[in-house]
Amino acid sequence: MRQIEFFDTTLRDGEQSPGVALNVEEKLQIARQLEKLGVDIIEAGFPITSPGDFQAVSLIAEKVRDTKIAGLARAEVQDIERAWEALKKAESPRIHTFIATSPIHMQYKLRKTKEQVLEHTKMAVELAKSKVSDVEFSAEDASRSEVDFLAQVFSLAIKSGATVLNIPDTVGYAVPDEFAEFVKAIMTKTEGIEKVKVSVHCHNDLGLAVANSLAAVKAGIQQIECAVNGLGERAGNAALEELAMALYTRKDQYMAQSRIVTREITKTSRLVSRLSGMSVQHNKSIVGKNAFAHEAGIHQDGVLKERSTYEIISPEMIGLDMNTIVLGKHSGRHALRKSLDDLGIDIGEERFQKLFEDFKVLAEKKKVVTSSDLFSLADVHELEE
Ligand code: KIV
Ligand code: ZN
């Protein structure tokens with residue numbers, strides 16, 4: 001089994017989600033939980049961007065000791081100096097520096113030639129390396145860059161001391177098969193690639209961030225960048241919990257594993273959602289409210305007989321106590337009986353038949369029948385008898 005390192009960027013790219021602003025204490029709380037979750041690297045922030053970000057990276061670097069801590073820096077002297085200032089108390093610091101390599105970004109955003117981008121790459125990686133032994137270099141908008149130029153930039157980054165090379169799909173433009181081929185081509189063309197780890201950082205603009213990251217795992221990368229609940233710029237980053245559970249559930253496919261402590265997933269997701277104010281959509285994979293809820297009668301019946309009929313992951317694995325049976329108009333007798341038993345409502349067969357009929361009438365009117373509805377249905381029967 002190959003080991004895939006999880007680089008969590010909830011506190012950096014995740015915090016760039018529109019509407020999200022975490023204070024220093026909240027960031028520290030999340031970083032401590034990420035450590036329990038078993039991520040390999042925490043990207044704690046982008047120190048040059050604000051005094052708050054600088055303070056958060058410094059505090060996390062000082063207090064979170066068992067996980068590598070990264071700080072982001074453009075390929076500029078002042079950014080790298082600031083990142084190092086923030087990171088210097090860390091047990092295992094990483095400077096993460098980046099510059100764009102796609103024609104569109106070089107022309108319109110950077111207004112730099114290929115030669116200038118190469119010069120900045122060399123300068124930035126060498127400067128970062130003079131501060132820390134662990135330097136990650138990212139080629140922003142890599143997936144829309146020319147393969148040969150990207151390989152040239154990456155080869156230079158390795159010569160200058162980079163330890164990790166990151167291939168971002170910055171605008172979420174990639175599709176899985178093509179992205180896997182792209183990653184393979186870069187790995188073949190980059191000189192010295194065997195000396196470094198290769199990483200991907202996928203955005204979710206087409207809803208493909210997790211699929212693209214997994215395709216890159218098959219192509220041979222060693223690190224995935226992701227965020228809890230899929231937070232991040234625009235449509236977000238690859239969702240950490242989905243990647244971790246996909247690798248775990250389909251290890252036969254990927255022959256790769258992570259160090260994620262899966263039973264910490266639910267707790268982490270809820271903490272991030274509460275502090276960021278970004279609620280998780282109900283049908284979100286793994287951590288959505290409905291991810292383990294079974295509504296249709298046939299499904300409920302199947303799950304009650306044998307959970308693996310409709311569950312590929314057990315809720316306990318991600319730290320959820322039990323699966324939730326949602327009672328609605330499609331629910332059958334088995335599900336109703338089980339819910340009554342769970343609530344301690346003990347009625348005989350005859351009363352049960354009548355209660356089931358009343359339940360169906362109520363379920364037609366209401367989308368979800370709750371525990372208190374069941375109590376009142378049972379009370380009504382008591383009174384009628
Ligand atoms: O999406 C991106 O390209 C980034 C880089 C800074 C890694 O977030
Ligand atoms: Zn990003």
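Author: The following account considers the annotated site and then the ligand shell. The model is predicted, so local features need pLDDT of at least 70 and side-chain atom pairs count only at pLDDT 80 or more, while totals for chains, interfaces and linings use all residues. Residues are numbered from 1 along each chain as its sequence is written, and chains are lettered from A and ligands numbered from 1 in the order in which they are written.

According to the unreviewed UniProt entry, the annotation "binding site" covers Asp13, His201, His203 and Asn237. These residues are spread over 225 residues of sequence, yet they cluster in space, with a largest C-alpha distance of 10.3 Å. Such annotations may be inferred rather than shown by experiment.

His201 belongs to strand S8 (residues 197-202); strands (E, at least two residues) and helices (H or I, at least four) are DSSP runs, numbered from the N terminus. His201 is buried because 29 other C-beta atoms lie within 10 Å, the cut-off being 20 or more, with C-beta atoms placed from the backbone. Beyond residues up to four places away in sequence, His201 touches Ser138, Asn166, Pro168 and Glu225; contact requires C-beta atoms, placed from the backbone, within 7 Å.

Asn237 sits in the loop between strand S9 (223-226) and helix H9 (240-249). Asn237 also counts as buried, as it has 33 C-beta neighbours inside 10 Å. Its contacts, leaving aside neighbours within four places in sequence, include Asp13, His203 and Glu225.

The residues around ligand 1 (C-beta atom, placed from the backbone, within 6 Å) include Asp13, Ser138, Asn166, Pro168, His201 and His203. Strand S6 (134-140) and strand S7 (164-169) each supply at least two residues of this shell.

Methods. A residue is buried if 20 or more other C-beta atoms lie within 10 Å of its own, exposed if 12 or fewer, and partly exposed in between; C-beta atoms are placed from the backbone. Two residues are in contact if their C-beta atoms, placed from the backbone, lie within 7 Å.
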